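Student: I have a structure open and would like to go through it. Can you help me read it?

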Amino acid sequence: MTHEDYLKRAIRLARKGIGYVNPNPMVGSVIVKDGEIIGEGYHSCFGKEHAEIVALRNAGDKSKGATLYVNLEPCCHYGKTSPCTDAIIKAGISRVVIGMVDPNPLVNHKGIEILRKHQIEVITGIEERACKHLNRVFTKYITTKLPYVTLKIAQSLDGRIATKTGDSKWITSYKARVEAHRIRSESDAIIVGIGTVLADNPQLTVRHVRGKNPVRIVLDSNLQIPFKCHLLSDNHVHKTIIATTSNDSTKISKIKETGAHVWQVEKDKIGNISIENLLTRIANARMSAVMVEGGGQVHTSFLREKMVDSIVMALAPKIIGTGKEAIGDLGILSVDNCVELVNVKTKKVGPDFFISADVIFRE
């Protein structure tokens, strides 16, 4: 097997931590000696042992003289755990093969330098593109202090998320909803507007697959949320945040009495909730992966403010005609200035199609 083969294995291991390690990166590690894998591991949950430590423990005394493969540069600072570089040096590893340099300023190239100073051979840039894609959420979070934002839309072929009467159940199939819940489970938080809550009374939990429930954030400038809705009355109310610009202390107190949280957020130039301020609050709460699920006005606001990193669209082979559009006016007057989707991937789920892509905004 080649360096690339072992790094691909490390990436597969790293993916097992998706949705659980945030805001840490996903990391997998494989230790090889004389062409045989003698230890491997991955970072399974925020605060727990790093991948290299798990792999070294599995390898035991065999680690001396072995090669350690890892998709991200080993850490060299004290955080929730001690430096991985110390453990690698102590174990007698002779070579470390790294997929990508850690963008965290506390580590960036420093881990590599420490290993080389201890006469450990270091090879970098193996499967680098795949490694960077794997940890795009971490890179955005650690370099900008903002969460990675995915816009998720379920719509008809003609771009409608509901009929003109507001009926939206169900545009996509059950299989598509299962896939949507799988994607939802990978997020730290879900954002919806108050219009979606009033129209659909959503639960915003992970029910169709195994996985953790994200924090539920409602954009509700005027505190219109009904106290009988799922978000303020179910067993997950402690994971509900109402983001508002209101100063109504009576309503705020009543919402807090349910067990939910209230964030008073700054207004933007036109008096709505400032998306940038909200995302900063989310990042400060150590949430790095956010999914925006609706409705149309919220989709439009995030795109208009250029606060979207990627998009996931469930496209149903149906035509609704006049109805509620998935995305409204973005103020784009020239085709040259359209929002561009790159790295587009498609797959069929039941009768529906899922389209995922990265988003590029033109000036």
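Tutor: We can take a strand, the cores, some rings and a loop residue in turn. Keep in mind that this is a predicted model.

Student: Is strand β13 buried or exposed?

Tutor: Seven of the seven residues of β13 (residues 310–316) are buried, so the strand is largely enclosed by the rest of the structure.

Student: Which residues point which way from β13?

Tutor: Ser310, Val312, Ala314 and Ala316 point one way, while Ile311, Met313 and Leu315 point the other way.

Student: Which way does β6 run when it pairs with β13?

Tutor: Strand β6 (residues 148–156) pairs with β13 in the parallel sense, over seven bridges.

Student: New topic. How many residues are in the largest nonpolar core?

Tutor: It has 36 residues, and those with the most contacts inside it include Val30, Ile31, Tyr69 and Ile93. Among the elements that give two or more residues to this core are α1 (3–14), β1 (28–33) and β3 (67–72). The largest share, six residues, comes from α1.

Student: What is Ile93 in contact with?

Tutor: Leaving aside neighbours within four places in sequence, Ile93 is in contact with residues including Ile31, Leu56, Leu68, Ile88 and Ile120.

Student: Where in the chain are Tyr6 and Tyr69?

Tutor: Tyr6 is in helix α1 and Tyr69 in strand β3, 63 residues apart, so the pair links distant parts of the chain. Tyr6 counts as buried because its relative accessibility is 4%. Tyr69 is buried too, with a relative accessible area of 3%.

Student: What lies over the face of Trp170?

Tutor: Arg177 does, at 4.2 Å from the ring centre.

Student: Last one. Where is Asp167?

Tutor: Asp167 is in the loop between β7 (160–163) and α7 (174–184). With 45% relative accessibility, Asp167 counts as partly exposed. Its C-alpha atom is 8.4 Å from that of Ala199, which is 32 residues apart from Asp167 along the chain.

Key: Residues are numbered from 1 along each chain as its sequence is written. This is a predicted model: local features need pLDDT of at least 70, side-chain atom pairs count only at pLDDT 80 or more; totals for chains, interfaces and linings use all residues. Side-chain values use heavy atoms; hydrogens and water are left out. Helices (H or I, at least four residues) and strands (E, at least two) are DSSP runs, numbered from the N terminus. Buried means under 20% relative accessible area, exposed over 50%, partly exposed in between (1.4 Å probe, protein chains only). Two strands pair if DSSP finds at least two bridges between them. A nonpolar core is a set of buried Ala, Val, Leu, Ile, Met, Phe, Trp, Tyr and Cys residues joined through side-chain atoms within 4.5 Å. Contact means heavy atoms within 4.5 Å. A charge sits over a ring if NZ of Lys or CZ of Arg is within 6 Å of the ring centre and within 35 degrees of the ring normal.
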